[in-house]
Amino acid sequence: MLRIEVLSDRPDQLGEGPLWDVKEQRLYWIDSYGPAIHSSDAAGRDRKSWKLPEPIGSMALREKGGAILSLRDGFYAFDFKTGEAERIVETQPGELRPRLNDGKVDRQGRFVAGSMDFQESEPVGKLFRLDPDLSLHVLDTGIICSNGPCFSPDGETLYFADSFKKTIYAYAYNTATGSVRSRRVFTTFEGLHGYPDGATVDAEGYVWSVEVYSGRLIRCDPSGVIDRIVGLPVNSTTSISFGGPDLDIAYVTSMARPHDNAYHREREAGFVFAVHGLGVRGIEEPRFRG
């Protein structure tokens, strides 16, 4: 039976990037414009928070401890004990409009994240890969609003959305090298009210995308056909991760920052939701190996 609960105890300006860590049995998520990292147990208890120096797009936990962050201007190493963030590499030096956004670790422990135009109008964004040796590689260009990178269970397909274009793409992903080729349209949100935002893949290989500005989960089969739509309590939903002890709870973030006046009437906008009873399980998210 489907059941949706409010997990967090306070709203985020722009909640994003939920990440369930199997090793710690904890949920992490971010407030992009807090800017901050938050963490709790599976039921939302034992909350911890860390403030950040600039807007954050996504994060990845590291095998050796700490995290890798995609902040506004580049990738940073973060120490949870000291709360300090140290820049590893600037991604688009000299460019004022792009900022790093959503990211995910591939099955081999590399971090893939894209940038977006602050004004969400010009194709100044790029898709990057940060390797364990901390070298930076550009995978694609011409992106307006990068979102929802995630990988098929075998790691050989990279899904990635340009939200402004209402399109999720699929790349053939070389698991040995981390290179991409043969980009194709996986599915389009044309005809839907919202836009594809954060995404994940379940154990059956189906893609779950959060439809921002419409408050729904859109599930696509491996061929890109929409086969299931799940309504959520608010329109301002942003991203998703499966977690919990059995990886069968969908954690969904949302934003309190208004897109239009309607959001002022959404009492629970900005909270994290736990969706139970979807009948599917997720896949353990890898840690960054660098």
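Are F78 and F80 buried or exposed? Both residues are buried, where buried means under 20% relative accessible area, exposed over 50% and partly exposed in between (1.4 Å probe, protein chains only). A word on the model comes before the rest. This is a predicted model, in which local features need pLDDT of at least 70 and side-chain atom pairs count only at pLDDT 80 or more, while totals for chains, interfaces and linings use all residues. Residues are numbered from 1 along each chain as its sequence is written, and side-chain values use heavy atoms, with hydrogens and water left out.

Back to the rings. The structure holds 9 aromatic pairs; rings of Phe, Tyr and Trp (its six-membered ring) pair if their centres lie within 6.5 Å, and planes under 30 degrees apart count as stacked, over 60 as edge-to-face and the rest as tilted. Y28 and F80 have ring centres 5.8 Å apart and planes at 45°, so this pair is tilted. Y28 sits in strand β3 (residues 26-31) and F80 in the loop between β8 (74-79) and β9 (84-90), so the pair links distant parts of the chain, 52 residues apart. Strands here are DSSP runs (E, at least two residues), as are helices (H or I, at least four), numbered from the N terminus. Y28 is buried, as is F80. For F78 and F80, the ring centres are 5.2 Å apart with planes at 85°, so that pair is edge-to-face. Y28, W50, F78 and F80 make up one aromatic cluster.

Charges turn up over rings too (NZ of Lys or CZ of Arg within 6 Å of the ring centre and within 35 degrees of the ring normal). The charged end of R183 sits over the ring of Y169, 4.0 Å from its centre, and that of K166 sits over the ring of Y195, at 4.9 Å.

Next come the salt bridges, 19 in the whole structure, each a side-chain nitrogen of Lys or Arg within 4 Å of a carboxyl oxygen of Asp or Glu. One of them joins D46 and R26 (2.8 Å, N to O). D46 lies in the loop between β4 (36-40) and β5 (48-51) and R26 in strand β3, so the bridge ties together parts 20 residues apart in sequence. D46 is partly exposed, at 46% relative accessible area, whereas R26 is buried at 9%. R97 and D117 also meet in a salt bridge (2.8 Å, N to O). Here R97 is in the loop between β9 and β10 and D117 in strand β11 (residues 111-117), so this pair too ties together parts 20 residues apart in sequence. R97 counts as partly exposed at 30%, and D117 as buried at 0%. D202, E204, R219 and D227 are linked in a network of salt bridges.

On a 1 Å grid over the protein atoms alone, a cavity is a set of points where a 1.4 Å probe fits but cannot get out, and a pocket is an open set with protein on both sides within 12 Å along at least five of seven lines; lining residues have an atom within 4 Å of a point. The count comes to 4 cavities of 30 Å³ or more. The largest cavity holds about 140 Å³ of space, and P18, L19, M59, G103 and K104 lie nearest its centre among its 16 lining residues. The largest pocket holds about 310 Å³.

Technical notes
Points joined across faces, edges and corners; volume = space filled by probe spheres on them.
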